[in-house]
Amino acid sequence: MGGQVVRIETLMEESGVGFGTSGARGLASDMTDLICYAYARAFLQYLFSLGELKPDDNVALAGDLRESTPRIMAAVGRAIADSGCRILNCGHIPTPALACCSMKRGIPGIMVTGSHIPKNRNGIKFYRPGGEILKADEQAIRAISVDIPAFAFDAADMLVEPFSLPRVVGEAREEYIARYVDFFGEEFLQGLRIGIYQHSSVARDILSEALERLGAETVILGRSDRFIPVDTEAIRS
C-alpha cells in the first residue's frame, strides 16, 4: 500500500490495532510499518491542528526491550521526519522517563511499549506536551486521514527502505534519575541492600543506577536476555 489517503478509524477496524487502556495496542505482526507510521502521522497532524507542534520542533521517541520495538520505532521515526519534525531519540528508557522528558521540554512524546502484555504484542503511547493523550484525543485522532507516501511500503506494508534513527541522546535518562536524587538526596538509602528483579524490564538499568545514587547497595536478580512480560497485578509462579 502507498500513495493514497487512509483514515485512521478504517485502519484500526481493518487491522485490529486500536486504542486500548493506554495508547494503541495489538499483535506485533498486525502492527505493520504502515500502521505504525500512519498512527504516528495522525497524532502529529492532530497536534499541528491544535497549535501544539510546528515544523522543525522536536518529538521525543523511546521504546522498551521487545523484539518488535526497534522496527516500530523506525517506522514512527520515519513518520516524525516526514511530518517535518526532528526526532529526539531517547533510546530504551521507561515510559515515565519519556513522559518526564516530553513534559519538561513542552514537546510531544511517543513511547513504543506493550507494557505487561504478551511478548507477541506491542503498543504505542502518545504524549501531548502536557501529558498522555486522553479519550477525547483518541477520538479526534481516529477521525484523521493521512497521506501515505507512494512506494514507501511494500506489499506487506513494511518500509521498502530502512529508516535509521539519529543517535541516542542521554539527557532523558539522566534527568529522570536526577529527579529522584535531587528530591531525596544522595544518602537517602544509605546502608540498605536492595535486590532488583530485573527480568527484561526496560527500567532495569535506570532503576539500579537511581537506587545506587540514592546510597543503596543493589543486588541484581533474574536478568533475562529474552523478553518476559510481567503483569505486576497478576504475577505468575
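The model is predicted. Helix α1 spans residues 8-15 and has Ile8, Leu11, Met12 and Ser15 as its buried residues. Helices α2 and α5 pack at an angle of about 110°, and the structure holds 17 salt bridges.

**Helix α1 and its two sides**

- Let's start with the buried residues of helix α1 (residues 8-15), which are Ile8, Leu11, Met12 and Ser15. They cover an arc of only 100° around the axis, so they sit on the same side of α1.
- Glu13 and Glu14 are exposed, on the other side of α1.
- The packing partners of the buried residues of α1 are the strands β1 (4-7), β2 (18-19) and β9 (145-148), together with the helices α2 and α5.

**A closer look at Met12**

- Met12 is part of helix α1 and counts as buried because its relative accessibility is 5%, below the 20% cut-off.
- Leaving out residues up to four places away in sequence, Met12 touches Val17, Gly18, Phe19, Tyr39 and Arg142.
- For a sense of scale, the C-alpha atoms of Met12 and Phe183 are 42 Å apart in space, and the two residues are 171 apart in sequence.

**Where α2 meets α5**

- Helix α2 covers residues 33-50 and helix α5 covers residues 135-142; their axes are 9 Å apart and the packing angle is about 110°. That angle makes α2 roughly perpendicular to α5.
- On the α2 side, the contact involves Ala42, Phe43 and Tyr46, and on the α5 side it involves Asp137, Ala140 and Ile141.
- By type, the residues of this contact between α2 and α5 comprise five nonpolar, no polar and one charged.
- Asp137, from the α5 side of the contact, also forms a salt bridge with Arg128, at 2.9 Å from N to O. Asp137 counts as buried at 5% relative accessibility, whereas Arg128 is partly exposed at 22%.

- As a reminder, side chains of opposite charge can pair when their charged atoms come close.
- Asp56 and Arg86 meet through their side chains in a salt bridge of 3.9 Å, N to O. Asp56 lies in the loop between α2 and β4 (58-63) and Arg86 in strand β5 (residues 86-91), so the pair ties together parts that are 30 residues apart in sequence. Arg86 has a relative accessible area of 49% and is partly exposed.
- Another salt bridge joins Asp205 to Arg223, with the closest N and O atoms 3.0 Å apart. Because Asp205 belongs to helix α7 (residues 204-213) and Arg223 to the segment after β11, this pair ties together parts 18 residues apart in sequence.
- Both partners are partly exposed: Asp205 at 37% relative accessibility and Arg223 at 43%.
- A network of salt bridges links Arg173, Glu174, Glu209 and Arg213.

**Ser224, after β11**

- Ser224 is found in the segment that follows β11 (217-221), and at 11% relative accessibility Ser224 counts as buried.
- Setting aside neighbours within four places in sequence, Ser224 is in contact with His199, Ser200 and Arg204.

Terms used: Residues numbered from 1 in each chain as written. Predicted model: local features only at pLDDT ≥ 70, side-chain atom pairs only at ≥ 80, totals over all residues. Heavy atoms only, no water. Helix = DSSP H or I, 4+ residues; strand = E, 2+ residues; numbered from the N terminus. Buried < 20%, exposed > 50% of the residue type's maximum accessible area, 1.4 Å probe, protein only. Contact = heavy atoms within 4.5 Å. Axes fitted to C-alpha atoms, helices over the stretch in contact; angles between N-to-C directions. Parallel < 35°, antiparallel > 145°, perpendicular 65-115°, else oblique. Nonpolar A, V, L, I, M, F, W, Y, C, P; charged D, E, K, R; others polar. Arc of directions from axis to C-beta. Salt bridge = Lys/Arg side-chain N within 4 Å of Asp/Glu carboxyl O.
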